[in-house]
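Work through the exercises below with the model open beside the text. Each task is followed by a solution in steps.

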Amino acid sequence: MKMKLLNKLPTEPNKRRWAAIGITVLLATPLTVWGIYGIGEYGIALFILTPLLIGIVSTTLFGHGRTLTKREAAKISLLTLFIFTFGLMVFAIEGLICIAMAAPIGILLTWIGSLIGRTTLNKTPNSSLTIILLTFLSIPITAFTERNTKTELFTVSTSLVIDADIETVWTNVIEFPRMDEPTEFIFKAGISYPIDSGIKGTGEGAIRYCNFNTGSFVEPITEWSEPTTLRFDVLEQPEPMTEYSLWDINAPHLHDYFVSEHGEFKLTQLPNGQTELVGTTWYRHDIKPGAYWRIWSHWIIQSIHNRVLNHIKQNAENAS
């Protein structure tokens, strides 16, 4: 029965190729849309199992009944992945930035899937559909399991030395004027970036506003130890990026999946009249696998820290 289903595929190579791609996309798309918008889960089911499914299915369907080289398996699987992700952008399911960030792990897992599909065809062809079915079913099962996992709190710190006394640096930490337009690629590509900051009140309970191009971080002050420590919670925050797409995108990952919880500026007067300034952010992100996505989140936060701290450094040194 299983082999009869595969035997109904077109025999002409070009028709077989497009049939394999079409069937694979039709299998992967509903699972992806349901996982993102139904369950609201960006995790292993989406970023590991779905690329594996794409690689396994496309390779199995294209290679059934013929000898398939590793190169051919990789080409059909990666072409399918490209068409699948292009469709996500065309139908405003995801934007270019998210897809670009997921591309390294997606390409790797799709290629691994193509190897699994090819190996199964060569060694145990009768089990090909079983492998496809198990991989397909593992996606919703994993998504349901993942949504109940707790997120960890991560910390990123950045420091620099400023040629100014600690009181001057403190004044520029509390609030600073508008920055120049960013030159960094990460911000030009769409990641949100800081513009300026202001504060209402003084001491604990004051509200600091760190304004980004997508909105404002609202930061109630929890520790005001002038001129050495400014610590705050994050009450509200803007969207972390501006997605590029043919249409307006309001993907779930733009809301509450990358959350800053606390921040701190620590100032230390150095013996030579300079000041060491350390900026720290405590944040959570509910995107898995965490080991992969932390590479991106740490880089983004470090880039934001560098932009802010270097602006403070420039203003403080000019004031001195």
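Predicted model: local features only at pLDDT ≥ 70, side-chain atom pairs only at ≥ 80, totals over all residues.

Residues are numbered from 1 along each chain as its sequence is written, and side-chain values use heavy atoms, with hydrogens and water left out.

**Exercise 1.** Find the elements with the lowest and the highest mean pLDDT.

*Solution.* The mean pLDDT (the predictor's confidence in each residue, from 0 to 100) of the protein is 90, and 96% of its residues reach 70 or more.

**Exercise 2.** Describe how H3 and H4 pack.

*Solution.* Helix H3 (residues 44-63) and helix H4 (residues 70-90) have axes 8 Å apart at an angle of about 125 degrees, where axes are lines fitted to C-alpha atoms, for helices over the stretch in contact, and angles run from 0 to 180 degrees between N-to-C directions. The two helices are therefore oblique to each other (under 35 degrees is roughly parallel, over 145 roughly antiparallel, 65 to 115 roughly perpendicular, the rest oblique).

**Exercise 3.** Give the strand order of the open sheet.

*Solution.* Seven strands run in the order S1-S7-S6-S5-S4-S3-S2 with antiparallel pairing, where two strands pair if DSSP finds at least two bridges between them. The edge strands are S1 (154-162) and S2 (194-200), each pairing on one side only. S1 and strand S7 (residues 275-285) pair over nine bridges, and Phe 154 has Tyr 283 in S7 as its bridge partner.

Note on methods:
Helix = DSSP H or I, 4+ residues; strand = E, 2+ residues; numbered from the N terminus.
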